[in-house]
Amino acid sequence: MTHLIILRIFMATGLLLGFAVGLEAGWIMQEKEGDQTLISKGRLRSSSDSIAWVLDGPGSKLIFWDERAKTYATGTVEEYCAAATAVVEQALKNLPEEQRQTLEQMMKKDAAESRHAVGVAAAGDGGTVAGLKTTKYTITVDNELYEYIWLASDSDLLAEFKPLKPLLRKFSSCGNPMGTEFIPENSPEYLQLMERGVEVKSIVYTDGSPETVVDVVKMEKKDIPEAVFSVPSGYRQISFVDMLKSQTN
């Protein structure tokens, strides 16, 4: 799983668990494919396969736990990004010499071609998505259509989501741990757009073909159990590096 995909999942997927005590106000964000995200007071919980994670805005930390291995890793987003870079660097060192040189040349080429113009333009009323009013935006790269995004700006939702924004900006840098590949989502223009609302729908155009990346079909206000944002009891702590390596083996 790439860091960019994880970033998207943070924005629009997750796991809903039910508890009867320790409730906090929040939102449930449900995608068309059935995935859900829990958002409450600047915290976001999501999951994929056996891995669950929490982005904790007020605590300025990131938590991963593996439900199969009964392990967890926690720390700052900067520590996670450093671990991601370390894992990639180690993987490069372990490659056969010829393969490593080829990959390094490709990375240098990516770095040389990393300057691109990203444009953001409002495309008017986006209609109602998942029960919320939205504004539609067009994103271009070098004057070519890259993406359509629908942002919801409901005041209650933004209040819950606001503490997450700084961490999400930091987390976006992990999508390119070696800093060589151009990723529109890391551009200042794109990050500034994300300050205007919460992404509830997006369609990316790859080689001219549309691909739906985010497709939220329901946003529900609901009390969220405090317990879902905490590591289950009995889990063993490991490092971010070990957690990442366990997912690539």
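## Exercises on aromatic rings

Six aromatic pairs are counted here, in a model that is predicted. Let's work through some of the rings together.

**Exercise 1.** Classify the pair formed by Phe64 and Phe240 as stacked, tilted or edge-to-face.

*Solution.* Start with the distance: the ring centres are 6.4 Å apart, and the cut-off for a pair is within 6.5 Å. Next, take the planes, which stand at 90°; over 60 degrees counts as edge-to-face. The pair is therefore edge-to-face.

Now place the two residues. Phe64 belongs to strand S5 (residues 61-66) and Phe240 to helix H7 (residues 240-248), so this contact ties together parts 176 residues apart in sequence.

**Exercise 2.** Find how Tyr80 and Phe240 are arranged, and which elements their pair ties together.

*Solution.* Geometry comes first: Tyr80 and Phe240 are 5.4 Å apart centre to centre, with 90° between the planes, an edge-to-face pair. Then locate them: Tyr80 lies in helix H2 (residues 77-93) and Phe240 in helix H7, so the pair ties together parts that are 160 residues apart in sequence.

**Exercise 3.** Decide whether Tyr80 and Phe240 are buried or exposed.

*Solution.* Buried means under 20% relative accessible area. Tyr80 has 1%, so Tyr80 is buried. Phe240 has 8%, so Phe240 is buried too. Stepping back, ring pairs link Trp53, Phe64, Tyr80 and Phe240 into a cluster.

**Exercise 4.** Identify which charged residues sit over the rings of Phe229 and Tyr148.

*Solution.* For Phe229, look to Arg43, which lies over the face at 4.4 Å from the ring centre. For Tyr148, the charged end of Lys136 sits over the ring, 4.3 Å from its centre.

Key. Residues numbered from 1 in each chain as written. Predicted model: local features only at pLDDT ≥ 70, side-chain atom pairs only at ≥ 80, totals over all residues. Heavy atoms only, no water. Phe/Tyr/Trp six-rings, centres within 6.5 Å; stacked < 30°, edge-to-face > 60°. Helix = DSSP H or I, 4+ residues; strand = E, 2+ residues; numbered from the N terminus. Buried < 20%, exposed > 50% of the residue type's maximum accessible area, 1.4 Å probe, protein only. Lys NZ or Arg CZ within 6 Å of the ring centre and 35° of its normal.
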